[in-house]
Amino acid sequence: MSTDAGAEHELDVAAIRADFPIFDGPVNDRDLIYLDSSGTSQKPRQVLEAMDAFYVEANANVHRGAYYLSDQASRRMEGARTKVARFIGASEPEEVVFTKNATEALNLIAASWGRANLQTGDAVVLTVIEHHANIVPWHMLAEERGIELRFIGIGDDGHLDLSNLDTLLDGAKLVSFTAMSNVLGTLTPVARIAEAAHAAGALVAIDACQYVPHLPTRLADLGVDFMAFSGHKMCGPTGVGVLWARRDLLEAMPPFLGGGGMIANVTTDGFTTAAVPHKFEAGTPPIAEIVGLGAAVDYLDSLSMEAVRRHEVELTAYFLRTIKERHGDDVVVHGPSEPAERGGVFSFSYKDVHPHDISQVLDEHGVNVRAGHHCAKPLMKELGVGATARASLYIYNNESDVDRLVEALDDASDLFSF
Amino acid sequence: MAGLEDLYKEIVIDHYRSPRNWGELETPPAKHAEGLNPLCGDEVHVYVQVEDGVITDIAIGGQGCSISKASASMMSAAIKGKSLSEVDELTSAVKQMMSIHEQSLDEDDSGVLHEPPDVELGDLEALKGVVKYPVRIKCATLSWHTLAEALQS
């Protein structure tokens, strides 16, 4: 995929929908209007077939046997590693560590790098818009190590407030933050924060769960040291996530989980570790899922991530315009108002109707949206709400999906407003 | 709207719009517990005043969806003035009504539903429709769990 090709190419949403079997038939006797891809994306046939083909043609444990089948399994898994590395612009496949999800990847950073490098009084900088997966591991380490957690606040229009960044970075060892908010859709200024953090002597980790599936990802442009993301939000299966980190960091870090596959040698006196990335992949990995993620990356590449981003910016603009035209001030969409500054994730409130009830009423129309705190309770507190309804877009969504959501909201009004 | 009338019965919406016994009681003498639904962030506060084994006063508060708020309101109306043993019976009856479709390890596999205890449920009967929407059962039972916690505190 070249940038030039991406510039000309547009998404053919009808053809994309045909690739996703879940859109073939009714779900619960209704057309499926799936608007929860921030929760998890649907899976194209190509991914399901790749996983099936692995089990049918090449199933064996990896990195174990000298026999043909085991070699085939290892090749498919390592082939997927290379695809993922290329997809994010990593300099080599060995910098890609497979985990069970992004949460495990973030925990790995805290448990391995954190324990080895952070002492009492050291500061880690987070933001108030983080998912719990990028807060709780640091709270756990704070309890164990007495490290100090500092939080970048939220400013205007759903953006981070960076006015006191220099103060927050003073003495910090790590800045760990989301590249795109799973609640507000806010795209954070990753490169700018990374540059400031590095100048202050801190390393930088990003939670890219909502970023990698939706935007072209070039690690060189982001300038970070660690990046975590999940497979299941980018057309891949559940059960596999990725930690990318600079090779020198991975090599210096102690192992995370111990067991088979992560060792060079074991004696009754101790052990030595395997080379990266296997040092961090103890036990039998989710082989079929990793193969599925490789197929997902191929699928997204075939669409061109530039085209994916353009599609989502256009649909974001349509969403923001349409919901306002129909519902005016009855609806509040949190997060940036400018489509270019955000992804297609919309947390909204509608009159005084509770998000659970919104979600329930929309479900009657086949419109699937999430309701709750979205694993971001500190952000809910900042927004002054207990919960929000959240709609999120992906490659298979079109203007008709947005229309159906916007129309179905009328029913919530009929039932609940008073 | 079509399809949801079992869930959003008129009486449920009425309790949601005008929750009974909404407010706080002074603690002590009242007992208080806060119940959280970690999945959705709903919270309910239950204050109970118990004198000589009777619930003489109750107040509820918090934030939640129509089902959780209506359920708390109905509960408060149902147990005010009741003895603790009557409240126990009512609690079991409501839990049984709500857990019809929940799997339990000690459930026999005959497929026969156990007869609910012989308790007058009154308005609470209206919440029966919730069992058709398993995700919402926790919304409906949160206030009852919180009541039990408050009584034990």
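1. **Ground rules.** Residues are numbered from 1 along each chain as its sequence is written, and chains are lettered from A in the order in which they are written. The model is predicted, so to speak of local features needs pLDDT of at least 70 and side-chain atom pairs count only at pLDDT 80 or more, while totals for chains, interfaces and linings use all residues.

2. **Confidence.** The model scores ipTM 0.81 and pTM 0.91. Chain B has an average pLDDT of 84. In that chain, 87% of the residues score at least 70. Here pLDDT is the predictor's confidence in each residue, from 0 to 100.

3. **The interface.** Chain A puts 18 residues into the contact and chain B 14 residues. Two residues are in contact if their C-beta atoms, placed from the backbone, lie within 7 Å. On the side of chain A that touches chain B, two or more residues come from each of α13 (355-364), β15 (370-372), α14 (377-383) and α15 (399-416) of chain A. Helices (H or I, at least four residues) and strands (E, at least two) are DSSP runs, numbered from the N terminus. α13(A) gives the most, with five residues.

4. **Strand β8(A).** Is this strand, residues 226-230 of chain A, enclosed or open? Five of its five residues are buried, so β8(A) is largely enclosed by the rest of the structure. Buried means that 20 or more other C-beta atoms lie within 10 Å of a residue's own, with C-beta atoms placed from the backbone; exposed means 12 or fewer, and partly exposed is in between. Phe226(A), Ala228(A) and Ser230(A) point one way, and Met227(A) and Phe229(A) the other. In a regular strand the side chains alternate between the two faces of the sheet.

5. **Its neighbours.** β8(A) pairs with strand β7 (residues 203-207) of chain A in the parallel sense, over three bridges. Strands pair if DSSP finds at least two bridges between them. Met227(A) is the bridge partner of Ile206(A). Strand β9 (residues 241-245) of chain A runs antiparallel to β8(A), joined by five bridges. There, Leu243(A) stands opposite Ala228(A).

6. **Helix α4(A).** This helix covers residues 68-88 of chain A, 21 residues in length. From first C-alpha to last it reaches 31 Å, close to the expected 30 Å. The expected span is 1.5 Å times one less than the number of residues. Its buried residues include Ala73(A), Met77(A), Ala80(A) and Val84(A). The buried residues pack against α3 (45-57), β2 (96-99), α9 (219-222), β9 and α11 (287-303) of chain A. Just after α4(A), Gly89(A) takes a positive phi of about 75°.
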